[in-house]
Amino acid sequence: MKILDKLKNIIAKNKIIGAEIIQKNVVDSTNELAKTLAKNGAADGTVIITEEQTGGKGRLDRKFFSPRDKGLWFSIILRPKCLPNDAPKFTLMAAAAIACAMKRFNLRAEIKWPNDIMYSGRKLVGILTEMSAEVSRVNFIVVGIGINVNIERAEFPENIRDVAASLSEMNGGNLNRAEVFNAVLEEFDRLYNQKSFSEVFKIWREYNITLGKNINVIEADSGEIFTGKAIDIANDGALIADIGGELKTFYAGDVSIRTK
């Protein structure tokens, strides 16, 4: 694999994330493969990366465009010692790690709650977090990350061309995918090895474009649409919004920022 051939002597310094990397030429979904491997005992920090996904997916089972040689499509297996209600924090951790990685290339991330990284209102990065847990413990968490690195606008399918973007467009030219991948793994490893989520929340708030904005929220479970203002994120990563003068907490949903 072209990406990993350039990283053999770099990722070894990470403490956990990327200590083991499984590389594939093409898979249906790195998250599905990661969940299978996790069930079979794959170690904490194992990364599965592929050059192409044929069935990449985002939240709510939406398809995620994952063309060959154009982006970074990978999943990270985590085995944190935490309660299941802490799992959403790892979505914020992934977004924070990517924001810090982008900064290395002089690119400023715009994080939209809970897990989209945007550029000019269009999606650069998708993050899908899935979990296996019992009542009082997490068995494993899989964080799937899809980064549009060097996809030209005309290469996106027509139905997402106006809502998707790539780092190369933001950068004004192609980036080295191996260097981007390495930066993300290093930043994720740094945050994952800290004793608290305080820096994750600090970074997330620094780069977020949701808080303080007028928003519409489509609640994941009910499909009900709420209109209000984003106030803050809770300690578990949930969004707190002012809906008609009352504070409401959203644990999952789609947020759009209203311009009027």
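P114 sits in the loop between β4 (110–112) and β5 (116–119) of this predicted model. Strands here (E, at least two residues) are DSSP runs, numbered from the N terminus. The peptide bond from W113 to P114 is cis, and its omega is near -5°. Most peptide bonds are trans, and most residues other than glycine have a negative phi.

Local features were taken at pLDDT of at least 70 in this predicted model, side-chain atom pairs at pLDDT 80 or more, while totals for chains, interfaces and linings use all residues. Residues are numbered from 1 along each chain as its sequence is written, and side-chain values use heavy atoms, without hydrogens and water.

Two residues other than glycine show a positive phi. D69 has phi near 65°. D69 lies in the loop between β2 (47–50) and β3 (71–78). S120 has phi near 55° and belongs to the loop between β5 and β6 (122–133). S120 is exposed (over 50%), with a relative accessible area of 54%.

Strands β8 (residues 214–219) and β9 (residues 225–233) pair in the antiparallel sense over 5 bridges. Pairing requires at least two DSSP bridges between two strands. I215 has G228 in β9 as its bridge partner. The hairpin of β8 and β9 has 5 residues between the strands, and G223 there takes a positive phi near 75°.

β9 is also joined to β10 (residues 239–243), antiparallel, by 4 bridges. I233 stands opposite L239 in β10. In the hairpin of β9 and β10, 5 residues lie between the strands, and G237 has a positive phi near 90°.

Definitions and conventions: Buried < 20%, exposed > 50% of the residue type's maximum accessible area, 1.4 Å probe, protein only.
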